[in-house]
Amino acid sequence: MTDNRPTIFVVDDDEPVRDSIGMLLETEDMPYETFPDAQSFLDAYDPSRRGCLVLDIRMPGMSGLELQARLREMNATLPIVFITGHGDVPMAVEAMKRGAVDFIRKPFRDEELLDRINEALQVEAGQRAVATSLAEIRAKIETLTPREREVFDRVAQGQANKVVAIDLGISERTVEIHRSQVMHKTGARSLADLVRMKIALERAGPGS
Amino acid sequence: MKLPETYTLPLPVFVADAGGCIESVNAAFEALLPRREGTPWFDAFIDIDRERFHREWGEFDRRAAPLTIKGKVANTGGGVRYFDVVCQALDDEQPDRQRLLGILLDVTEKTLREAENLAILETAVDAIIMIDEGGIVETFNRAATELFGYEPEEVIGKSVNMLMPEPHRSRHDQYMRRYMETGEKRIIGIGRELHAQHRSGRLIPIYLAVNEIHVHGRRRFTGVIRDMSEQQATREALAEQRERLAHVGRLSTMGEMTASIAHEINQPLTAISMYAQSSLKLIQRGDYDPAKLAAALEKLNTQSLRAGAIIERIQRFARAQESKRELLDLNLLLKELVKLAEGDARIHDVTITFDLADNLPMVYCDAIQIQQVALNLIRNAIDAMKDINLERGNAMSILSRAIGDHVEVAVSDQGPGVAPDQVKLLFKPFHTTKKDGMGMGLSICRTIIAEHGGELSFRNNPDGGATFYFTLPIPQAGDD
């Protein structure tokens, strides 16, 4: 490829999902390559190439998380946007802790995916910090009520609303309400944003 | 004075004078009880029943068998030996002037063995009863007393059939006669589970093992009876537990299955969404290759069929659960079922009331499937009320009645009712108004009821809330 633009590498074991994402990227005129499994991507991967990885988290053979670990071992800096399915949020949180830039849940809207990809590419180009500054996050978190903070802590660990409700002894509806308040107050646009903030706080250590 | 004739006899022998003092002894007696001459012979023994001796010795008829009385002797070694003292009159005078010849028979081994046997019998956990050939009770141990509520003296000497309920009570003599005549063993040496009758009339589940024993040419039967009440209760509890687990297992299998289906169905949905949005973009830009667009739409169509196939698979799964139909009482089924829903109801502060028709006709159905349907309706009702924080009420009622040729079961709630825009979608697979619902419940329920030849539907209640009901046909004469 003589093209100097970054490439979107799509790894998903489901052919129609791969193909349809491919069609979307083609429509957007973004260079892309698709792979049916993690191994074939690794085999073809050239660390000198720029771009980002759109990676299904749950795949037969090498899973998305395993591929992420292998890339880290190789010191590959390729940013990863994980695609998750039903009930995979805790796995996605784990992936975020290990450095994934984002995750997106199936089924998703085209803009959602394109936004995530663009952000990942900006990260890769060093044009955008992954996280807002710690001070900024702390300031936002401080606006939360104690209950909202509890909900935030749990949701950002990937707990389902139902689990949070049982944990805190409140109804699921109430969790929903708190959760939307948390999203609003922190300016998070997605669950991934919340996870990112939580991870940043945890990295900063206790006392935050 | 010595007893020359008996001097070398290995059995201890003594002669007492008319006053009861020992006059002479043989060598064996001297060895056992030295230097006793001149002392009352009673004093040689421990625990001897003097009163009985005097009473019986007074009436003693020397032509009859000698009088035997039991006595214990303390050993030099510290032990005790048991003797039968066989008493014989030596002179033909009045009883109070007779001399007495006493012969000591050592019965220590036999006594200890009997005591041991008795102890075993009395401390046995199982009730043990011995009867003779005529069915008359000879022994009745402590455990038997505990089990049946009778004291041994109330039972010994009476027919064992007093411990049995009818019809065995009146047939027991016949059973025994038949065995004596034919030797055909129905219970002897085999053992079986039966019911016994307590003094109070209560029936006790038991395990009875009968053995035949021959002692001294007499035939007797021992019955060892184990109280099975606890085992039976445990067994029943286990069966009930299993039954419940079968429900829960089946329901959770369906839950797990729907979760994995949810995962799976997201694949075609993702692809459909991507194809559709890409195609839309191309069209909006007005710059596209019709062949390419057609190909995308073709793929989109394929994916929607794939999603349909996944739904089909769930429906099949619901159906594939092997259906076992029996003639059942729906009222009973509903009452059992509510045990499963009660916990849920309590947590959400919902009260369940029953309005079950008397003499409800039985219907042919698969108990588990129908309970699954009813449970689904009950859970939906609870959800409907709790979703609006019980603001319209917290009462759920379960009604059963016969209408024409079918039986109807209805579950009414005080929730928000079904919104007009939901009516059409209600039974569509994957349609749900619940945040974490799969949208499969009612769809599967309707399939199950339809396969039973019934109908599942709903109506909004005039005073708010919804009633979901299903019908099942009443089997008609001539039906299989």
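Which residues have the most contacts inside the largest nonpolar core? Keep in mind as you look that this is a predicted model. Select A:Cys52, A:Val54, A:Leu55, A:Val81, A:Phe82 and A:Phe103: these have the most contacts inside that core, which has 62 residues. As background, nonpolar side chains in soluble globular proteins tend to be buried together.

Next, zoom in on A:Val81. Leaving aside residues up to four places away in sequence, A:Val81 touches A:Cys52, A:Val54 and A:Phe103, among others.

A:Ile104 sits in strand E5 of chain A, residues 102-105. Is A:Ile104 buried or exposed? It counts as buried because it has 21 C-beta neighbours inside 10 Å. Beyond residues up to four places away in sequence, A:Ile104 touches A:Val81, A:Ile83, A:Glu112, A:Leu113 and A:Arg116. Try the distance tool as well: from the C-alpha atom of A:Ile104 to that of A:Ala92, 12 residues apart along the chain, the separation is 8.9 Å.

Finally, move to chain B and show its open sheet of five strands, ordered E7-E6-E10-E9-E8 with antiparallel pairing. At the edges you will find strand E7 (137-140) and strand E8 (192-197), each pairing on one side only. On average, neighbouring strands here are turned by 35° against each other, direction ignored. Strand E6 (residues 127-132) of chain B pairs with E7(B) over three antiparallel bridges. To end the tour, select B:Met130 and its bridge partner in E7(B), B:Thr139.

Methods. Residues numbered from 1 in each chain as written. Chains lettered and ligands numbered in written order. Predicted model: local features only at pLDDT ≥ 70, side-chain atom pairs only at ≥ 80, totals over all residues. Helix = DSSP H or I, 4+ residues; strand = E, 2+ residues; numbered from the N terminus. Buried ≥ 20, exposed ≤ 12 C-beta atoms within 10 Å, placed from the backbone. Contact = placed C-beta atoms within 7 Å. Core = buried A, V, L, I, M, F, W, Y, C linked by C-beta atoms within 7 Å. Pairing = 2+ DSSP bridges. Axes fitted to C-alpha atoms, helices over the stretch in contact; angles between N-to-C directions.
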